[in-house]
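Here is a friendly walk through a few packing and surface features, with the cut-offs spelled out along the way. Have the viewer open as you read.

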Amino acid sequence: MTLPLRRNTNYHLLWGSQALSELGAQISVFALPLLVLMLTDSAVDAGAAGAVSALTRLVVLVPAGALIDRWHRKRIMLLCELARVPMMVGLALMLLGDGVAFGYILAVAVVDGAAAAMFAPAEEAALPQVVTKEQLPTAVSVSAARSYLATLAGPGIGGFLFTAHKALPFLVNGVTYAGSFVMLLFLRLTGPGGAGTAGARRSLVGEIGEGIGWIWRRPVIRASMAVAVGVSVCFNALYLIVLTLAQRAKIPAAEIGAIGVLVGAGGLAGALLAPRMHRLLTPRAAIILLGWLGAGLTPLLLVRTSGYLFGAVLAAIAFLAPTVQTAVVTYQMALTPDRLRGRVSAALGLAGGVAGAAGPLLGGLLVDAGGPAQAVLTCAGVLLLAALAAGLSPALRAFTSVHGAPEADEAPSLSPSSASSAADPADAAGPEPTSATSEPLER
């Protein structure tokens, strides 16, 4: 009998540690460039601090998956938080004293970005070790809700703390990372969790290639990733285009701020309702609907120059995005053998990171090349092509369930109901009770 999510202590420890970690990361994403701008009065330096963290994350994600599959995932997450705490606390102490050098701020950005690149795929790869296959859709959708909550709350908390004192955001950030570390100490993972592949190790490049090759041989994962990345690029491009339209139309700052709030609220609502949406829509239908919805709503951005209309249109698109994300991630988790979970999760994270970086760049290029109206229509056209491609794709016609059928080369992965003898000695001792029913998380 497997344990319902609402009573699964290990699931809550894993979820809570990542929630604290993501909240801290969002606080620093907002506060770090603001600190540089205040200290140097240079927009270039402020942008460099944010770019260094983002670039570090993308670079580290390339080998991160192979390393996560080599090492124990719990230890990786603990080391990530252990590296970030002294950097953030040290920055806060320097700001309380005589000041801080720009080089140290860049070092903080590098450590924070590298740790985030390792922590996120390790946490995702560990999720199937604390929940059953049937519980994965609910667990993944609640994780998406956690990300939206952190994105909504982090900048606001960072701004409030920075107003009180420039050192406070980084001190609180250090506390969130420390809290995440403490929660992880009590986490118990079943199975080898990446540590059981040591005997079959090859070169790091070879192991990265093995993960990429595994994805390439799975048409459903490959096709769904391609469509999801295309939609993500368009959505991120539209966000910048909308901000450009708002600024050029001299929309009040309150309305511009409402755009971000509405988008975050739409994504959060979609994440919370994703388990129910999965009972109504097949994964293929959700992907197609997202493309058609985006293509149909995007031209409305040209009907009227209003921050609230902009926010409502993007929020409607963002509402369905977590359903698609949950379907793709759950299918990947259910299908991927444990020995490859780190590499596959890192590859998906890298694709998402590239889409997040390429979207605003594409939006800026489209606006400069043909103006905001043409940029909006171009994005609508790309979303329409994505919907058509998803509808015509032979691979996605088989994507009718979030639970993948086992592949021939897979070894059965351990579930939370496996024998406790498979647990790593580093995990907290004690048997984990189990149940046969899968219930949504009650919050």
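A crossing is called left-handed if the near helix is turned anticlockwise from the far one by less than a right angle, and right-handed if clockwise. By that rule, H1 passes H3 in a left-handed crossing. This is a predicted model, where local features need pLDDT of at least 70 and side-chain atom pairs count only at pLDDT 80 or more, while totals for chains, interfaces and linings use all residues. Residues are numbered from 1 along each chain as its sequence is written, and side-chain values use heavy atoms, with hydrogens and water left out.

Helices are DSSP runs (H or I, at least four residues), numbered from the N terminus. The ones discussed here are:

| Helix | Residues |
|---|---|
| H1 | 9-40 |
| H3 | 73-96 |
| H5 | 136-164 |
| H13 | 372-392 |

The axes of H1 and H3 come within 12 Å and cross at roughly 35°; axes are lines fitted to C-alpha atoms over the stretch in contact, with angles from 0 to 180 degrees between N-to-C directions. On the H1 side, Leu 14, Ser 21, Ser 28, Leu 32 and Leu 35 take part, meeting H3 residues that include Met 77, Glu 81 and Arg 84 (contact means heavy atoms within 4.5 Å).

H1 also has a link to H5: Arg 146 and Glu 22 meet in a salt bridge at 3.7 Å, N to O, although they lie 124 residues apart. The structure holds 11 salt bridges (a side-chain nitrogen of Lys or Arg within 4 Å of a carboxyl oxygen of Asp or Glu).

Key
Helix = DSSP H or I, 4+ residues; strand = E, 2+ residues; numbered from the N terminus.
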